[in-house]
Amino acid sequence: MNKRGGEGHPQKNGNVAQQCETSANLSSPVIAAFKVFQMELDTKHDKYERLVKLSRDVTIESKRTIFLLHRVTSVPDAEPILNEADGKLCGVREKIGQIAEELRGEDIYQFHRAFTAGIQEYVEAASFQHYIRHRSLISLEEINASLVFMKGDEGSADTLSSEPRVTTFQVMPADYLLGVADLTGELMRLCISSVGNGDIDTPFQLSQFLRQIHDGFSYIGNTGPYEVSKKLHTLRQSLGKVEDACYTLRVRGSEIPKHMLADVFSSRNAHMDSEEAVV
Amino acid sequence: MSVSDMFSYIQGFLSADQDVREDIRKVVQVLEQTAREILTVLQSVHQPSGFKDIPDKCTKARELFGTVQMHIADLKTKFPADQYYRFHEHWRFVLQRLTFLAAFAVYLESEALVTREEVAQILDIEVVRDKGFHLDVEDYLAGVLIMASELSRLAVNSVTAGDYNRPLRISNFINELDSGFRLLNLKNDPLRKRYDGLKYDVKKIEEVVYDLSIRGLAKEAKSEQ
């Protein structure tokens with residue numbers, strides 16, 4: 001008797017549960033609250049995705065700019081290439097402007113992970129160009145100063161919004177630092193390829209500059225974000241290559257006539273490249 | 001600006017950042033201590049003797065939340081208000097625990113799901129980001145999920161203590177919570193991982209309800225009412 005009654009129960013319970021669910025779906029406070037959470041989370045995720053996409057665009061364009069800048073060594077006059085790079089960087093800045101627009105009124109640290117890669121790449125490209133032009137390190141302020149955007153100041157000037165909105169993007173010190181660490185890899189490539197082209201002054205300038213950056217990173221040590229220590233290792237390798245190149249230039253330069261030096265070097269570079277490929 | 005100037009400028013930034021983190025860590029440690037105390041108080045409901053004086057335990061927990069408010073007020077002074085997410089990781093864990101504790105206390109009192117506003121009020125923080133130190137929606141949801149597994153434990157223990165009615169009520173509550181969470185489109189993040197555990201809590205409670213019904217114990221409890 002008791003058993004039979006018990007057998008009937010699970011089914012009944014299932015019905016009760018189902019009823020609960022349907023009534024819950026209609027207008028329970030819990031469901032209503034979760035609908036609000038759904039909207040809030042979706043909005044946040046959408047924004048995050050948009051930022052990731054923008055950041056990828058920034059990365060790609062910055063990488064292309066860097067490739068373009070590497071051509072500087074193979075042409076006699078660098079100015080046209082630098083100007084072309086300027087144009088490309090302008091496009092990149094426009095994208096960063098869109099990122100800044102997305103982040104208006106938000107806590108930028110909440111979405112930092114979405115765009116940090118793009119910003120680092122931009123710092124790398126901008127500082128690389130700055131180095132080629134001025135032979136010095138671009139400062140954080142200079143980068144931030146170039147990331148000021150005016151919005152709505154053209155067509156709508158005569159209508160309601162007569163005052164242009166100013167949006168700024170502040171590169172975080174940590175992102176700047178990581179971008180500069182990437183820059184050293186580019187400088188190493190620049191150094192090697194300039195030797196290949198028979199340019200004997202640039203490697204010495206570069207090794208000087210790289211040494212300064214290396215000292216700077218050693219000074220910061222492990223106070224920085226943990227990625228810095230990883231990059232520091234790569235930085236040492238780059239510096240080693242550049243210093244080796246300078247060493248060879250000095251040693252061989254005193255015994256080989258200048259016009260043959262380029263040949264000595266290009267064979268040495270081929271050797272170094274294959275070594276790199278193995279590692 | 002020379003290279004070394006630039007680096008010492010950045011170094012200044014970084015060490016200031018480290019100091020702030022150090023300060024935050026200290027306060028968070030104290031907060032964790034208080035959270036553990038509250039947990040100890042509330043956990044005694046799992047004891048057979050604990051079922052009788054649930055309201056008493058909740059009052060005690062509420063008193064301890066006063067201490068929590070004090071520490072959070074202290075935490076607020078440790079960093080600029082608009083940089084909440086910069087240091088979020090430091091207090092994320094403890095804030096989820098505190099949400100869980102608040103939600104558990106409120107459930108024991110009224111058998112209802114605590115709202116985000118209520119949690120914010122209990123911890124004396126804000127709901128909206130613009131107004132300062134706030135409760136992130138993901139942290140709130142994570143706290144609620146911790147409570148779900150605590151409730152599945154409570155269902156088991158209440159049967160042991162002879163309270164056959166409670167598991168049925170918990171079952172309804174958890175089911176509602178489950179259908180609430182099913183509305184969300186979660187990304188593949190920690191919250192999603194934790195949500196994946198909810199189904200085991202649901203299952204556990206359903207088993208308890210099944211065990212009760214098959215023995216007619218649930219019916220007994222109902223007719224008693």
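A salt bridge here is a side-chain nitrogen of Lys or Arg within 4 Å of a carboxyl oxygen of Asp or Glu. The close-ups below come from a predicted model.

**View 1. B:Arg25 and B:Glu22 meet in a salt bridge within one helix.** The N to O distance is 3.7 Å. This pair counts as a salt bridge because the cut-off is 4 Å. Helix H1 of chain B, residues 3-43, carries both residues. They sit three residues apart, about one turn of the helix. B:Arg25 is partly exposed at 40% relative accessibility. B:Glu22 is partly exposed too, at 39%.

View 2. A:Glu243 has a relative accessible area of 31%, so it is partly exposed. A:Arg211, at 35%, is also partly exposed.

**View 3. B:Asp178 pairs with B:Arg182 in a salt bridge.** The closest N and O atoms are 2.7 Å apart. Is B:Asp178 buried or exposed? B:Asp178 is buried, because its relative accessibility is 10% and buried means under 20%. B:Arg182 is partly exposed, with a relative accessible area of 49%.

**View 4. Salt bridges with shared partners form one network.** The network joins A:Lys44 with B:Glu89, B:Arg92, B:Glu138 and B:Asp139. Over all chains, the structure holds 32 salt bridges.

Technical notes: Residues are numbered from 1 along each chain as its sequence is written. Chains are lettered from A and ligands numbered from 1 in the order in which they are written. This is a predicted model: local features need pLDDT of at least 70, side-chain atom pairs count only at pLDDT 80 or more; totals for chains, interfaces and linings use all residues. Side-chain values use heavy atoms; hydrogens and water are left out. Buried means under 20% relative accessible area, exposed over 50%, partly exposed in between (1.4 Å probe, protein chains only). Helices (H or I, at least four residues) and strands (E, at least two) are DSSP runs, numbered from the N terminus.
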